[in-house]
Amino acid sequence: AAIHVWGQILETDAGNLNAEQQKALQRIIQAGHHGQQLIKRILDVEKSELGNYSLQLEQFDLVILVESIIESFKPVAVSKQIKLHFQTSGMPIMVLSDKQLVQRMIENLVSNAIKYSLRDRSVYINLSEEEKEVHVHVRDEGLGINKEELPLLFYKYAKISSQPTAGEPSTGLGLSIVKRIADEIDAKILCESEKGKGSIFTIILKK
C-alpha cells in the first residue's frame, strides 16, 4: 500500500522526469499492484484448505511472462554483477493455467537464484516444450545445497546451511510457497543441486 501511495505521488510530478525515470516509475507502480494481487492470491491459496478457493485459468504466452519477470529482476542482478540469460525457441509457448500463481513461482526461483549466487556469476532461465508439458528451468552458479538437505527444501521455515551471499533476508517460506502453488495448479517442482556447484530448479506445467 505504501508503494502504491508514493507511486501515485511521484506520478503527479511525472512531467519533470526524463524517459528513463518515467519508465522506472511505471515499474514501481506496476510492482506495487502486482505485489498486492500476489499477496491476496497467496492468502487465497492458504485458505483453499477450507474449499473456498478457485483457480483463475487463462491461456497466456509463457515466453512473454518470463521476459517480464527477468526485466523486473535486472536491477537486483546488476547490483550483484550477475548476468541473467534467457533461452527459449523464440516461438510463443501457450499455457492454460493461473497466470499470477505461475508468475509467483518463477519469481521466487529467480529471486533465490540471484540471492544465493556470488557476484559476477550467471543465472540461466530456460523454457522447453513437450507435447503435453512445458518445463521452466532456473539454473544458478551459486552455493549449491547439501544432498541430505534437499528433502527439507519445500517445507515451511526450513533452514539449510546455504545462506544468501550478500546478507539478503530469508524467511524459509519461498520454496514452500512454490511447492504449495505447484500442488494447487497441478504442476511439479523439482530440484537438482550439488554443494559448491549450483542448483537447477524445474517447474513442470501442463499445457
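Helix α4 meets helix α5 through L101, R104, M105, N108, L109 and N112 on the α4 side. On the α5 side, the partners are G174, L175, I177, V178, I181 and A182. By class, this contact has eight nonpolar, three polar and one charged residues. All of this is read from a predicted model.

How do the two helices lie against each other? Two packed helices are described by the angle between their axes and the distance between the axes. Here α4 covers residues 99-115 and α5 covers residues 174-184. Their axes come within 9 Å and cross at roughly 150 degrees. An angle over 145 degrees counts as roughly antiparallel, so α4 is roughly antiparallel to α5. The crossing of α4 and α5 is left-handed.

Stay with α5 for a moment. Which of its residues are buried? They are G174, L175, S176, I177, V178, R180, I181 and A182. That is eight of the eleven residues of α5, so the helix is largely enclosed by the rest of the structure. Buried here means under 20% relative accessible area. The list includes R180 and S176 as well as residues that meet α4, among them L175, I177 and V178.

Just after α5 comes D186, with a positive phi of about 60 degrees. Most residues other than glycine have a negative phi. D186 is not a glycine, yet its phi is positive. D186 sits in the loop between α5 and β6, the strand of residues 188-193. Its relative accessibility is 46%, so D186 counts as partly exposed.

Q81 also has a positive phi, of about 55 degrees, although Q81 is not a glycine. Q81 lies in the loop that runs between α3 (62-79) and β2 (83-87). At 49% relative accessibility, Q81 counts as partly exposed.

Now turn to α3 itself. Helix α3 packs on α4 too. Their axes come within 10 Å and cross at roughly 35 degrees. The crossing of α3 and α4 is right-handed. From α3, the contact takes in L62, L65, V66, I69, F73, V76 and A77. From α4, it takes in K99, V102, Q103, I106, E107, V110, S111 and I114. These residues divide into eleven nonpolar, two polar and two charged.

In soluble globular proteins, nonpolar side chains tend to be buried together. The largest nonpolar core in this model has 41 residues. Which residues have the most contacts inside it? They are L62, I106 and L205. L62 belongs to α3 and I106 to α4, and both take part in the contact between those helices. Helices α3, α4 and α5 each supply at least two residues, and so do strands β4 (122-129), β5 (133-140), β6 and β7 (199-206).

What does L205 touch, apart from residues up to four places away in sequence? Its contacts are L62, V95, V102, K132, E133, V134, V136, I185 and A187.

Next, look at the strands. H85 is found in β2. With a relative accessible area of 27%, H85 is partly exposed. Leaving out residues up to four places away in sequence, H85 touches S122, V123, Y124 and I125. H85 and Y124 are 39 residues apart in sequence, but their C-alpha atoms are 4.7 Å apart in space.

R139 is placed in strand β5. At 34% relative accessibility, R139 counts as partly exposed. Its contacts, apart from neighbours within four places in sequence, are S122, V123, Y124, S199 and I200. S122, V123 and Y124 are also touched by H85. R139 and H85 are 54 residues apart along the chain, and their C-alpha atoms are separated by 9.8 Å.

Finally, step back to the whole chain. How many helices and strands does the chain have? It has five helices and seven strands. From the N terminus on, the elements run α-α-β-α-β-β-α-β-β-α-β-β. Buried residues make up 40% of the 207 residues. Take the contacts between residues at least 6 apart in sequence: 70% of them join residues at least 24 apart.

Methods. Residues numbered from 1 in each chain as written. Predicted model: local features only at pLDDT ≥ 70, side-chain atom pairs only at ≥ 80, totals over all residues. Heavy atoms only, no water. Axes fitted to C-alpha atoms, helices over the stretch in contact; angles between N-to-C directions. Helix = DSSP H or I, 4+ residues; strand = E, 2+ residues; numbered from the N terminus. Parallel < 35°, antiparallel > 145°, perpendicular 65-115°, else oblique. Left-handed = near helix turned anticlockwise from the far one by under 90°. Contact = heavy atoms within 4.5 Å. Nonpolar A, V, L, I, M, F, W, Y, C, P; charged D, E, K, R; others polar. Buried < 20%, exposed > 50% of the residue type's maximum accessible area, 1.4 Å probe, protein only. Core = buried A, V, L, I, M, F, W, Y, C linked by side-chain atoms within 4.5 Å.
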